Amino acid sequence: SPLAELRGHIVAFQGPFRNANTELDTQDKWKIGDGFAKWEKVHDHAVKDRREKTLFVSYLSSTGVDGMTYSTPSGIAYIVNDQADAHVSDFRPGVFMMDFPGAGLVDKIIKRNASDAVE
């Protein structure tokens, strides 16, 4: 399958993520100043039931400002990435865009993808 051919590779996108036959389901709640509130949005989208011909894209990043609270983007990333590291095995297929993921999280994602590979 086309997805199996991508396993084990770094994939770069240029231009739109989809074509006329593909829907896009995006989580991009970026005006959040609380890392745990951002994680809730990420997790809900990461475990959401998947639909055929739909590309799920989730942004783990945030500006750290929501009108009530303030945190640096790296501060938000620290919390969200720590939670992602603990729960990445629950994630369903999709594109996960993240800031400052760290070697441990990247390694877990690579190992998870390799274990799901279709021979």
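Where does Lys 48 fall at 33% relative accessibility: buried, partly exposed or exposed? Lys 48 counts as partly exposed, because 33% lies between the 20% and 50% cut-offs. Keep in mind that this is a predicted model.

**Salt bridges around Asp 25**

- Asp 25 is a buried residue, with a relative accessible area of 9%.
- Asp 25 also forms a salt bridge with Arg 51, and here the closest N and O atoms are 3.5 Å apart.
- Arg 51 lies in the loop between α2 and β2 and Asp 25 in strand β1, so this pair ties together parts that are 26 residues apart in sequence.
- Arg 51 is partly exposed, at a relative accessible area of 39%.

- Lys 111 and Asp 107 bring their side chains together in a salt bridge, at 3.2 Å from N to O.
- Both residues sit in helix α4, and because they are four residues apart, about one helical turn separates them.
- As a general point, an α-helix has 3.6 residues a turn, so residues three or four places apart point the same way.
- Lys 111 is exposed, with 55% relative accessible area, whereas Asp 107 is partly exposed at 35%.
- Back at Asp 25, salt bridges with shared partners join Asp 25, Lys 48 and Arg 51 into one network.

**Aromatic contacts**

- There are two aromatic pairs by the count used here.
- One of them is Trp 39 with Phe 91, a stacked pair at 6.2 Å centre to centre with 25 degrees between the planes.
- This pair, too, links distant parts of the chain: Trp 39 is in helix α2 and Phe 91 in the loop between α3 and β3 (95-97), 52 residues apart.
- Trp 39 is buried, at 9% relative accessible area, and Phe 91 also counts as buried, at 6%.
- Phe 96 joins in as well: ring pairs link Trp 39, Phe 91 and Phe 96 into a cluster.
- Elsewhere, Phe 56 has a charged residue over its ring face, namely Arg 50, at 4.1 Å from the ring centre.

**Helix α3 and its two sides**

- Helix α3 takes in residues 73-87, which makes 15 residues.
- From first C-alpha to last, α3 reaches 21 Å, close to the 21 Å expected at 1.5 Å a residue.
- The buried residues of α3 are Ile 76, Ala 77, Val 80, Asn 81, Gln 83 and Ala 84.
- Those residues cover an arc of only 160 degrees around the axis, which puts them on the same side of α3.
- What covers the buried residues of α3? The cover includes α2 (35-46) and α4 (102-115).

Key: Residues are numbered from 1 along each chain as its sequence is written. This is a predicted model: local features need pLDDT of at least 70, side-chain atom pairs count only at pLDDT 80 or more; totals for chains, interfaces and linings use all residues. Side-chain values use heavy atoms; hydrogens and water are left out. The expected span of a helix is 1.5 Å times one less than its number of residues. Buried means under 20% relative accessible area, exposed over 50%, partly exposed in between (1.4 Å probe, protein chains only). The arc is that of the directions from the helix axis to the C-beta atoms. Contact means heavy atoms within 4.5 Å. Rings of Phe, Tyr and Trp (its six-membered ring) pair if their centres lie within 6.5 Å; planes under 30 degrees apart count as stacked, over 60 as edge-to-face and the rest as tilted. A charge sits over a ring if NZ of Lys or CZ of Arg is within 6 Å of the ring centre and within 35 degrees of the ring normal. A salt bridge is a side-chain nitrogen of Lys or Arg within 4 Å of a carboxyl oxygen of Asp or Glu.
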